[in-house]
Amino acid sequence: MATITKPSFSKPPLSVKDLIEKINSRGLIIDDTELITRALQKIGYYRLSIYFKPFMSHGDNFIENTVFDDITKLYQFDCNLRFICITALEKIEVAFRAAMCDRLCLQTNDPYWFLREELFIPNFITADSDGNTSHNKFLAKLEKDIRHCNEIFIESFKNKYSDTYLPSWMMVQVLPFGDCVYLYKNLKRSNKKFISDEFGLSIETFESWIYGLRVLRNHIAHYGRIWNRVFSATLTVKFKNELNYNLSEDNSRLLSGYIAVIDHFMNIIDPNPQWSQEYTNCVNKHIEMFSHKTDIQEKIKKYTLLSE
């Protein structure tokens, strides 16, 4: 097979003035030079350019009558969605940490249940060729996280006790969310069930959803685009009665599917329609903003609206 030779990247950096001329030459209507200058300086061309795509034809040119205000509206819509989603994800993450800690502490009558190998699947506690287990690696990272964490409650515990590790109700406050999900994933089924039952889900569905929400959370934490993203994690359902909304192959990697999952958790954790209504109002508000562009309206509906 012939080797494909790729050229080196050679595009020069452009000034804000040059970038405005470049965008304008592609057909974007710029009514307010001061507005676009400020946006390019404070947001950046590359970050904004991903929001150009829905307004562009198959080439590099903008669809006729596209104005820069359309771009900023879509960008702000995405910002608003991230803010609304993160308020719900915070509650879900905290509830997951609490459920894992409480259920396993009570089941084992041991605040250090995470040290007990018998709670975990064989792959997690089986040594590799170097004699290390995934469990031991997890504990080593946890010990490092504890050493480098400057929370007052950790300092107080260290001053009073000689233990290397923290009781699990402290431990889950130190663990990154991804590590909490990782720990859950490696529990035996019987131990996973104590936690998934708290949220009215089967083990398989809960594991799929909590991992998916971790992916969404990471995009939001890094201010990534979410409104029309196709996410890497596919949300799955084992039993049809586990979701009131329709979660199908069509939206299992779209924000609309993720919102249906968030809504399920929120109905259990904080049964108040306010969050769902706030999200729906945000989407409908921006659909109305694009009444002059029905193609954008349809894209917003496709990617973001909860199924009826």
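1. How many nonpolar, polar and charged residues does the lining of the largest pocket have, by class? The lining has 11 nonpolar, two polar and eight charged residues. Keep in mind that this is a predicted model.

2. Overall fold. The chain has 14 helices and zero strands. Read from the N terminus, the elements run α-α-α-α-α-α-α-α-α-α-α-α-α-α. Along the principal axes, the C-alpha atoms fill a box of roughly 65 × 55 × 45 Å. The chain has 308 residues, and buried residues make up 44% of them. Take the contacts with a separation of 6 or more: 63% of these join residues 24 or more positions apart.

3. The largest pocket holds about 600 Å³ of space. Its lining comprises 21 residues, and the closest to the pocket centre are Lys11, Lys22, Tyr45, Tyr46 and Ser49. Helix α3, residues 45–49, gives the most to this lining, with four residues.

4. Helix α4. This helix covers residues 68–108, 41 residues in total. From its first C-alpha to its last it reaches 60 Å, close to the 60 Å expected at 1.5 Å a residue.

5. Cys101 is in helix α4. Its relative accessibility is 4%, under the 20% cut-off, so Cys101 counts as buried. Leaving out residues up to four places away in sequence, Cys101 touches Trp113, Ser168, Trp169 and Val172. Phe239 is another matter: 138 residues separate it from Cys101 along the chain, and their C-alpha atoms are 26 Å apart.

6. The end of α4. Asn109 is a residue other than glycine. It lies in the loop between α4 and α5, the latter being residues 122–125. Asn109 counts as exposed because its relative accessibility is 72%, over the 50% cut-off. Asn109 and Asn284 are 175 residues apart in sequence, and 49 Å apart in space, C-alpha to C-alpha.

7. The nonpolar core. The largest nonpolar core has 91 residues. Which of its members touch the most others? They are Phe96, Trp113, Leu183, Ile195, Leu216 and Ile262. In soluble globular proteins, nonpolar side chains tend to be buried together.

8. Neighbours within four places in sequence are set aside here. Ile262 is then in contact with Ala88, Leu89, Ile92, Leu213, Leu216 and Trp275.

9. Helix α11. This helix spans residues 203–221, with 19 residues. It reaches 27 Å from first C-alpha to last, close to the 27 Å expected at 1.5 Å a residue. Its buried residues are Ile203, Thr205, Phe206, Ser208, Trp209, Ile210, Gly212, Leu213, Val215, Leu216 and Ile220. Which helices do they pack against? The partners are α4, α9 (177–185), α10 (189–196) and α12 (255–269).

10. The end of α11. Tyr223 follows α11 and has a positive phi, near 60°. Tyr223 is not a glycine. It is found in the loop between α11 and α12. Buried or exposed? Tyr223 is exposed, because its relative accessible area is 55% and the cut-off is over 50%.

11. Lys188. This residue is found in the loop between α9 and α10. Its relative accessibility is 34%, between the 20% and 50% limits, so Lys188 counts as partly exposed. Not counting residues up to four places away in sequence, Lys188 touches Glu118, Leu119, Phe120 and Ile121. Pro122 is 66 residues from Lys188 in sequence, and their C-alpha atoms are 8.7 Å apart in space.

How values were computed: Residues are numbered from 1 along each chain as its sequence is written. This is a predicted model: local features need pLDDT of at least 70, side-chain atom pairs count only at pLDDT 80 or more; totals for chains, interfaces and linings use all residues. Side-chain values use heavy atoms; hydrogens and water are left out. Helices (H or I, at least four residues) and strands (E, at least two) are DSSP runs, numbered from the N terminus. The expected span of a helix is 1.5 Å times one less than its number of residues. On a 1 Å grid over the protein atoms alone, a cavity is a set of points where a 1.4 Å probe fits but cannot get out, and a pocket is an open set with protein on both sides within 12 Å along at least five of seven lines; lining residues have an atom within 4 Å of a point. Grid points are joined across faces, edges and corners, and a volume is the space filled by probe spheres set on the points. Ala, Val, Leu, Ile, Met, Phe, Trp, Tyr, Cys and Pro count as nonpolar, Asp, Glu, Lys and Arg as charged, and the others, Gly among them, as polar. A nonpolar core is a set of buried Ala, Val, Leu, Ile, Met, Phe, Trp, Tyr and Cys residues joined through side-chain atoms within 4.5 Å. Buried means under 20% relative accessible area, exposed over 50%, partly exposed in between (1.4 Å probe, protein chains only). Contact means heavy atoms within 4.5 Å.
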